[in-house]
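Here are a few notes to read alongside the model. Keep the 3D view open and follow the points in order.

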Amino acid sequence: MLLRKPIVFCVSILLGFAVCGEPLLAAAQQYNPPRRGLPGRREGAGTRGTCLSGQKPLMPLVPADVLSLTTAENAVLYWYVPPTIAQMAEFRLLDGEIQVHATQVPLSKVGGITSYRLPTQVVGAMTMGKTYNWQFSIICDPDQPSKNRFVEGQIERSEVSSTLAAQLKQATPLDRAALYAANGIWQEAIATLGQERCTYPQDSQVRTRWAQLLQSVQLSGYVDEPLTQSCSALGLKPVTTRSLPLPRLQPGRPLRISPTPAIR
């Protein structure tokens with residue numbers, strides 16, 4: 001009995017993060033969404049545009065309700081882009097109908113998971129706790145924007161609690177991803193695993209955690225898709241571009257995603 005109490009004390013204090021100094025690896029990389037009840041969906045139905053091919057549609061790697069939280073100074077967003085003849089996509093960040101940031105993101109012809117890192121000054125200007133809309137468009141035809149397939153989502157800047165901050169300081173990268181996911185902070189969960197997968201592509205544990213995270217938000221079909229950018233490319237810088245016509249967003253209506261192209 002005398003030996004039992006210190007053990008129980010150690011486990012009770014550090015449960016969920018470490019047991020007597022040893023890291024506690026999560027059995028599964030599960031995302032716990034914030035309970036907001038926001039409308040949203042990631043895919044639609046329709047015909048395929050002329051510049052996209054393959055069996056899978058353009059897809060944002062975000063939770064099913066399309067809202068994601070970030071605590072980073074320069075959040076990284078991810079999308080699956082099918083094989084395409086388009087060379088560029090356009091990313092926009094919107095405050096209501098006001099465009100606050102726009103840039104182009106280079107694409108790979110072979111298809112896979114592409115990413116874009118929001119600049120520090122853009123994230124820093126976002127109001128804490130306020131929801132912003134984003135739009136990611138494939139530039140199939142710069143002269144006919146109606147042919148450009150796009151997806152939309154929502155992102156919100158959030159603060160890290162003191163308890164979570166203390167846990168993150170002592171955690172390994174894989175455990176940091178698990179902590180972010182358990183606390184509903186999607187962007188840092190996927191960005192941490194994305195960086196680990198990019199740096200250690202053959203690591204079976206990294207691949208398992210990546211798969212578990214995507215499966216927890218019903219994105220199993222994208223687990224094995226390759227990252228189409230090098231590790232250094234995760235820090236892509238904005239470029240000056242001609243802005244494409246901006247679709248009007250009507251208050252009160254769920255964010256929509258352009259029709260999923262038909263399979264050829």
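This is a predicted model: local features need pLDDT of at least 70, side-chain atom pairs count only at pLDDT 80 or more; totals for chains, interfaces and linings use all residues.

1. Let's start with the disulfide (a pair of cysteine sulfur atoms within 2.5 Å): C51 and C140 form one, with their sulfur atoms 1.8 Å apart. C51 sits in the loop between strand 2 (22-23) and strand 3, and C140 in the loop between strand 9 (131-138) and strand 10 (150-157), so the pair ties together parts that are 89 residues apart in sequence. A search of the whole structure finds 1 disulfide.

2. Residues are numbered from 1 along each chain as its sequence is written, and side-chain values use heavy atoms, leaving out hydrogens and water.

3. Next, find the open sheet of 3 strands, with order 3-5-8 and antiparallel pairing. Strands (E, at least two residues) and helices (H or I, at least four) are DSSP runs numbered from the N terminus, and two strands pair if DSSP finds at least two bridges between them. Strand 3 (59-60) and strand 8 (112-117) are at the edges with a single partner strand each, so one side of each has no neighbour in the sheet.

4. Now zoom in on strand 3, which pairs with strand 5 (residues 76-81) over 2 bridges. The bridge partner of P60 in strand 5 is W79.

5. Finally, helix 4 (residues 173-182) is mostly covered, with 7 of its 10 residues buried. Among them are L174, D175 and Y180. Just after helix 4, G184 has a positive phi of about 75°.

Notes. Buried means under 20% relative accessible area, exposed over 50%, partly exposed in between (1.4 Å probe, protein chains only).
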